[in-house]
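Reader: I'd like to learn how to read a structure model feature by feature. Could you take me through this one?

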Amino acid sequence: DDKARTSNVSNFRLVCLIDAREKFAAEFASSLNQRWALEVPPKTDMLKARVETLGIGDITWVVETEDENGNKHQWYAGHIIERKTISDLKSSITGTRFKEQKLRLGRMRGW
């Protein structure tokens with residue numbers, strides 16, 4: 001709800017989620033975290049990369065917050081990346097996978 005979203009604005013994290021089925025997902029997340037550790041102010045935990053099994057896409061961004069009761073909330077932050085080779089793209093468009101992915105994207109309204 002909106003109260004949870006705004007009740008503790010200073011306690012948030014922007015997270016890059018990488019699908020666990022992606023080749024080199026763990027290495028990519030580790031590389032991002034190492035780079036951000038050098039660039040984000042020390043002792044902050046505001047920008048992280050993490051590997052999870054995603055329901056849609058290969059990479060996405062979410063905002064995570066925690067309310068005053070310790071309940072965690074997660075919201076889709078506006079971008080879903082789906083990596084495809086040209087042959088995968090062609091088969092997705094000519095097959096049923098494109099329509100199925102389009103329907104799942106249409107249902108995205110945050111989490």
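Reader: Let's begin with Arg-50: how exposed is Arg-50?

Author: The general idea is a scale of relative accessible area: buried means under 20%, exposed means over 50%, and partly exposed lies in between, using a 1.4 Å probe and protein chains only. Arg-50 has a relative accessible area of 26%, so it is partly exposed. Please keep in mind that this is a predicted model, where local features need pLDDT of at least 70, side-chain atom pairs count only at pLDDT 80 or more, and totals for chains, interfaces and linings use all residues. Residues are numbered from 1 along each chain as its sequence is written, and side-chain values use heavy atoms, with hydrogens and water left out.

Reader: Which residue does the side chain of Arg-50 meet in a salt bridge?

Author: A salt bridge here is a side-chain nitrogen of Lys or Arg within 4 Å of a carboxyl oxygen of Asp or Glu. Arg-50 forms one with Glu-52, at 2.8 Å from N to O. Glu-52 is partly exposed too, with 27% relative accessibility.

Reader: How many salt bridges does a search of the whole structure find?

Author: The search finds 6. One of them pairs Lys-84 with Glu-82, at 3.6 Å from N to O. Lys-84 has a relative accessible area of 29% and is partly exposed; Glu-82, at 33%, is partly exposed as well.

Reader: Which residues are linked in a network of salt bridges?

Author: The network links Arg-13, Arg-50, Glu-52 and Glu-64. Within it, Glu-64 forms a salt bridge with Arg-13, and their closest N and O atoms are 3.8 Å apart. Glu-64 belongs to strand β3 and Arg-13 to strand β1, so this pair ties together parts that are 51 residues apart in sequence.

Reader: Is Glu-64 buried or exposed?

Author: Glu-64 counts as buried, because its relative accessibility is 16%.

Reader: What does Glu-64 touch, not counting residues up to four places away in sequence?

Author: Contact means heavy atoms within 4.5 Å. On that basis, Glu-64 touches Asn-11, Phe-12, Arg-13, Val-15, Arg-50, His-73 and Gln-74.

Reader: Where does Glu-64 lie among the strands?

Author: Glu-64 lies in strand β3, residues 59-66. Strands (E, at least two residues) and helices (H or I, at least four) are DSSP runs, numbered from the N terminus. Two strands pair if DSSP finds at least two bridges between them. β3 and β4 are antiparallel, with 7 bridges, and Gln-74 in β4 is the bridge partner of Glu-64. In the hairpin of these two strands, 5 residues lie between them, and Gly-70 takes a positive phi near 85 degrees.

Reader: What is the order of the strands in the sheet?

Author: The order is β2-β1-β3-β4, in an open sheet of 4 strands with mixed pairing. β2 (47-52) and β4 (72-81) are at the edges with a single partner strand each, so one side of each has no neighbour in the sheet. On average, neighbouring strands are turned by 30 degrees against each other, direction ignored. Strand β1, residues 12-19, pairs with β3 in the antiparallel sense over 7 bridges; there, Cys-16 has Trp-61 of β3 as its bridge partner.

Reader: What packs on the sheet?

Author: Helix α2, residues 25-39, packs on it and touches β1, β2 and β3; its direction makes about 170 degrees with that of β2. For such angles, axes are lines fitted to C-alpha atoms, for helices over the stretch in contact, and angles run from 0 to 180 degrees between N-to-C directions.

Reader: Which pattern does the whole protein chain follow along the sequence?

Author: The pattern is α-β-α-β-β-β-α-α, made of 4 helices and 4 strands. Of the 111 residues, 24% are buried.
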